[in-house]
Each structure stands twice: as C-alpha cells, then as structure tokens.
Number of protein chains: 2
Amino acid sequence: MEGFRILEVKQSIFENNDRDADRLREELRREKTFLLNLMSSPGSGKTTTLKRTIAALKDEFRIGVMEADIDSDVDAAAIEQTGAKVIQIHTGGMCHLDADMTRQGLRGLGTEDVDLAILENIGNLVCPAEFDTGAVKNAMILSVPEGDDKPLKYPLMFSICDVLLINKIDVLPYFDFDIEKCKEYVRRLNPNMVILPVSSRTGEGIDAWADWLRKETRAFIG
Amino acid sequence: MEGFRILEVKQSIFENNDRDADRLREELRREKTFLLNLMSSPGSGKTTTLKRTIAALKDEFRIGVMEADIDSDVDAAAIEQTGAKVIQIHTGGMCHLDADMTRQGLRGLGTEDVDLAILENIGNLVCPAEFDTGAVKNAMILSVPEGDDKPLKYPLMFSICDVLLINKIDVLPYFDFDIEKCKEYVRRLNPNMVILPVSSRTGEGIDAWADWLRKETRAFIG
C-alpha cells in the first residue's frame, strides 16, 4: 500500500481567483513556505525533473510535493521513492488548478515542516496558464521532442512563467530543435525569462536549475 | 501573404453539445464529407502526420484541413504547402473545440468540394476529450518521447478515440518506451482501439494508417 495520501480537490468557491492567489502567497510568506508551480505538456519530464531537483536540494530544504493528476497516482508513487513528503491531488477531470485548489493541496500536504513546496500541475500548456495558483514562481518545461515552435503556439504559458527548462537535451541529435530559435521566440514574449537547457535523464544542467531554485527559495523564506 | 483564411470561432450557443454533435454528423453524411478529429499533446507530430496523410490520400479524396490553434498560424502555413485546402481556426484562448465551433470551421473551409475533412484539434490531452466535435471518427497521437504511461494519466482521451497512432517510433532506441506495455494500458480502457505504430518523419507505418482512414472515409461517403 502506498504511504501517500490521495486528495480529491473541489472547484473553487471564490469568484476572484487572482485575489485569492495573492492571499495564498501572503499565507505562504507567513508560513515561510516557498511554492513553485511546475507546468508542461504531458510527457515532457516533470516528474523526472522533480526527482533530480529533490536529490539536489533535499539536504538544504524540507521539500514537499503535490502531484496533480486527473485520476492516476503514478507520479506520487515515483516521488515517494525519493523520500520527499508527497501528496497526490486528483482534480476529477479538471484541466487546471486554481489558487483554492492549490490551498486544499497544501493543507492536505501539511506545510508546517515544508520549506520548499512544489506543485506538479496537470500536463497541459493551455489551461494551467490561465489560473494563478498562488505560487511564488512559475516554472515550465519544454522538451526537445516537442519542437522549438511551441512558444508561437502556446504564448500565454511562455509569458507567465519565470523560468523555462528546455529538457531532454541529450536527444538533441535526433530531433530538429534549434535552441537559439526557441530562445528568440521566448524572448519576444517574455524578455526576462530565465532559460536553462537540461537533461533530467543524464543530470546535465540540473546544477544551474537547482541554483536558481535555491536562490529564489532563500529569498522568499529568509 | 498566406493564401489561407483565419477564422476566429465563437463559443457555442448550444446547451447540449452532444446533441449538436449528432446533428453535425447527420449534416456531414448528407454532404458526403467524412470528418476526422485528430488530437494529441503539443509536439507529438499532428502536423507532420497530416502532411504524410495528405500525400498518401490526395489522389483519392479531396482533402480539407482545419488547423485549430489558440492564436498562431504556423500549422496552416505548413499544410498549405501540401496543396490541400486549409483554414486556420483560432479559438481565442479556448482549450478545445465543441461541435458548433467545428461547424463554424467547416463552413469557413467550405465542404462542397471536400470528401475528407480533418480537424487538427488544440494540442491538449485533457479538454478536447470532453467535447464531441461532431467528427465521424476520433484519432489520437501519442509520441514515443511522451512515455508509455500516458493512458494511465489521460484515460478519457484514450477511451474516446477510435485509433491511436504511436508516433516517432524512429527514436524508440533513445527512450524508455515499451510499446507492448502501452498497448496493454490502452486495451484496459478501450479494447477495440486500433493501434498503429508510425514514424511521420520516416514514413514508416503511414501506409497502414492511410488504409484505415481510406476504409473509414469510403464507408461514410459511399
């Protein structure tokens, strides 16, 4: 039997999600818990990246992970093996999480012993971009096999994120993916975005990503 | 300047989308136009697969393509080069198309000279599965880099489709993707699903896919 809890979150009762998201960030500041919202397409490597991230930072921060999924728990089972605190959130078919659903997840996880909370959002480049979860920072992953033109097609997601991980760079030789072209598309939408090429399979580039996340977490929790 | 039209579709005014979808299928039958709804994650190869499909079937059917996107037109530009009739549909941020939005697209495309219409839906494994577009058949693509566990995580999409193309099989050596395991996950959800491994880059397997689509189209348009 799994050791993690499965929480069915309910759709928000708040009319103004943006205001509720701001409220959640204030709560997180008081609780000294940094929340990262991690988004991507299905299969771009969120869970594998999370495992690498936990391995890199687990000696410095108490990490808690919320795995959002429509109704499976394969990701929470994978994260549990790292020893990090984890909860599986089921959205019951919904394609995104809003701030109150995220708050339900944080309460289910328990943040009193968590410095760095990470929400692995639903695999979807459209809907999650439209709802502020209350996270302190938004990160996204674009994987090499998806193609360098995705910023043109999902501009909102690339506009609202603080950092972009270009994942699966170990397979660059087998795909027509031009990193410079991708960066140029991203810069047009979001000139300040931090762009980090990584391979969560080989570990390449994970240090730079862990450095970014360490700095942001420390700046927030003090 | 591009030769294709860009159509901004409006959200449906119909309360009962399922009934409207049935109505659209009746209209298509009268017009002798087969409509295929093609769905997948972002970057799994819908457009490249479409180009191969058009090349395989353009001498047998008059083909029309509706490229749905949030607000870019890169896919319509790619399809235009094949010589097929094409229209770009913009959903204005919406993550799916319903039957009436599809009907608006078909009217914009013009079906009087189209035997086989193909809707390339928004890249998303969640929302498009929830709305019957009125298509005669639903096809989906899962690409090898996305992982063999996707049926577990996006069960509705795998349940409502008639055919699954497992794309990018040319890169199987570089990814941990077990085709037999994937098939087993799919069969649990959808025992009758036709599963076809293809590589739209190399053309491998495209003949079997074209055979399936030819048979379905002929059966519908008579």
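Eight strands of chain A form an open sheet in the order 1-4-3-5-2-6-7-8, with parallel pairing. Strand 1 (5–8) and strand 8 (194–197) of chain A are its edge strands, and each pairs on one side only. From one strand to the next, the twist averages 20 degrees. The model is a predicted one. A rotation of 180 degrees superposes chain B on chain A.

**Confidence**

- The average pLDDT of chain A is 94. In that chain, 98% of the residues score at least 70.
- For the complex, the predictor gives an ipTM of 0.89. The pTM is 0.93.

**How the two chains are related**

- Two copies of a chain are related by a rotation about an axis and a shift along it.
- Here the rotation is 180 degrees, and the shift along the axis is 0.0 Å. Chain B then superposes on chain A with an RMSD of 0.0 Å.
- This is the relation of a two-fold axis.
- Both copies use the same surface: 100% of the contact residues of chain B recur in chain A.

**Strand 3 of chain A**

- Strand 3 of chain A spans residues 63–69. Seven of its seven residues are buried, so the strand is largely enclosed by the rest of the structure.
- Both of its faces are covered. Ile63(A), Val65(A), Glu67(A) and Asp69(A) are buried on one side. Gly64(A), Met66(A) and Ala68(A) are buried on the other.
- Strand 3 of chain A runs parallel to strand 5 (residues 116–120) of chain A, and five bridges join the two. Met66(A) has Leu119(A) as its bridge partner in strand 5 of chain A.
- Strand 3 of chain A also pairs with strand 4 (residues 85–90) of chain A, in the parallel sense, over six bridges. There, Asp69(A) has His90(A) of strand 4 of chain A as its bridge partner.

**Elsewhere in the chain A sheet**

- Strand 2 (residues 34–40) and strand 6 (residues 137–143) of chain A pair over five bridges, in the parallel sense. Asn37(A) has Asn138(A) as its bridge partner in strand 6 of chain A.
- Helix 2 (residues 46–57) of chain A lies across strand 2, strand 3, strand 5, strand 6 and strand 7 (163–167) of chain A. The helix runs at about 170 degrees to strand 5 of chain A.

**Helix 4 of chain B**

- Helix 4 of chain B covers residues 99–109 and is mostly covered. Eight of its 11 residues are buried.
- The buried residues are Ala99(B), Asp100(B), Met101(B), Thr102(B), Arg103(B), Gly105(B), Leu106(B) and Leu109(B).
- Which elements are included in what covers them? They include strand 1 (5–8), helix 1 (17–31), strand 3 (63–69), strand 4 (85–90) and strand 5 (116–120) of chain B.
- Gly110(B) follows the helix. Its phi is positive, near 85 degrees.

**Leu156 of chain B**

- Leu156(B) sits in helix 6 (residues 155–160) of chain B.
- Beyond its neighbours within four places in sequence, Leu156(B) is in contact with Ala129(B) and Glu130(B).
- Cys127(B) is 29 residues apart from Leu156(B) along the chain. Their C-alpha atoms are separated by 9.6 Å.

**Lys168 in both chains**

- Most residues other than glycine have a negative phi.
- Lys168(A) has a positive phi, near 65 degrees, in a residue other than glycine. Lys168(B) has a positive phi of about 65 degrees although it is not a glycine.
- Lys168(A) lies in the loop between strand 7 and helix 7 (179–189) of chain A. Lys168(B) is in the loop between strand 7 (163–167) and helix 7 (179–189) of chain B.
- Lys168(A) counts as buried, with 29 C-beta neighbours inside 10 Å. Lys168(B) is buried, with 29 other C-beta atoms within 10 Å.

How values were computed. Residues are numbered from 1 along each chain as its sequence is written. Chains are lettered from A and ligands numbered from 1 in the order in which they are written. This is a predicted model: local features need pLDDT of at least 70, side-chain atom pairs count only at pLDDT 80 or more; totals for chains, interfaces and linings use all residues. Copies are superposed by least squares on the C-alpha atoms of residues with pLDDT of at least 70 in both. Two residues are in contact if their C-beta atoms, placed from the backbone, lie within 7 Å. A residue is buried if 20 or more other C-beta atoms lie within 10 Å of its own, exposed if 12 or fewer, and partly exposed in between; C-beta atoms are placed from the backbone. Helices (H or I, at least four residues) and strands (E, at least two) are DSSP runs, numbered from the N terminus. Two strands pair if DSSP finds at least two bridges between them. pLDDT is the predictor's confidence in each residue, from 0 to 100. Axes are lines fitted to C-alpha atoms, for helices over the stretch in contact, and angles run from 0 to 180 degrees between N-to-C directions.
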